[in-house]
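Please keep the display in view while I talk.

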Amino acid sequence: YGATCGFFPVDEISLEYLLQTGRTQKRVDTVRDYLKAVGLFFDFTKDSGIEYSANLSLDLSSVVPCIAGPKRPHDWVAVSEQQADFQKCLNNTESGFKGFAVQEANRAASATLNYEGKDYT
């Protein structure tokens with residue numbers, strides 16, 4: 001998806017979630033009334049009159065878990081490729097974008113950290 005912000009209107013299914021997570025019926029009714037008053041509630045069971053320029057479909061079997069940083073979310077890495085990508089970044093001797101410039105002689109270095117009386121290496 002990759003957007004910084006997206007809007008998905010609240011519907012009855014969203015309000016059911018509120019009930020399922022411990023909100024009272026009175027609270028949910030208040031939320032529904034407010035959302036309807038400010039135009040943020042949507043009833044997907046009715047024809048909205050909205051015409052879209054295109055309809056998109058997505059094969060969910062093509063979706064893979066991935067990781068991405070907040071600085072460059074478009075530079076995502078599939079979780080299955082993360083280890084190889086990290087090694088590639090270590091091996092990139094150019095510092096800068098996706099390069100750690102760690103010399104090969106230093107890649108096996110380790111240090112010991114003592115936390116609450118226990119050593120971690």
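Helix H3, residues 82–91, gives the most to the lining of the largest pocket, with four residues, where helices (H or I, at least four residues) and strands (E, at least two) are DSSP runs numbered from the N terminus. This is a predicted model, so local features need pLDDT of at least 70 and side-chain atom pairs count only at pLDDT 80 or more, while totals for chains, interfaces and linings use all residues. Residues are numbered from 1 along each chain as its sequence is written, and side-chain values use heavy atoms, with hydrogens and water left out.

The volume of that largest pocket is about 370 Å³. Of the 15 residues lining it, the closest to its centre are Gly69, Asp75, Val77, Asp85 and Lys98. A pocket here, on a 1 Å grid over the protein atoms alone, is an open set of points where a 1.4 Å probe fits, with protein on both sides within 12 Å along at least five of seven lines, and lining residues have an atom within 4 Å of a point. By class, the lining has eight nonpolar, two polar and five charged residues, with Gly counted as polar.

What about disulfides, taken as pairs of cysteine sulfur atoms within 2.5 Å? The count comes to zero, because the sulfur of Cys66 is 15 Å from the closest cysteine sulfur, in Cys89, too far for a bond. Cys66 is partly exposed, with a relative accessible area of 41%, whereas Cys89 is buried, at 7%; buried means under 20%, exposed over 50%, and partly exposed in between, with a 1.4 Å probe and protein chains only.

Let me move to Arg32, which lies in helix H2, residues 25–37. Arg32 counts as buried, at 15% relative accessibility, and its side chain is joined to that of Glu12 by a polar contact of 2.8 Å, a polar contact being a pair of N or O atoms within 3.5 Å of which, within protein, one must be able to donate a hydrogen and the other to accept it. Leaving aside residues up to four places away in sequence, Arg32 touches Glu12, Leu15 and Phe41, with contact meaning heavy atoms within 4.5 Å.

Finally, Gly117 sits in the loop between strand S3 (113–115) and strand S4 (118–120), and at 67% relative accessibility it counts as exposed. Gly117 and Tyr52 are 65 residues apart in sequence and 62 Å apart in space, C-alpha to C-alpha.

How values were computed: Points joined across faces, edges and corners; volume = space filled by probe spheres on them. Disulfide = S-S within 2.5 Å.
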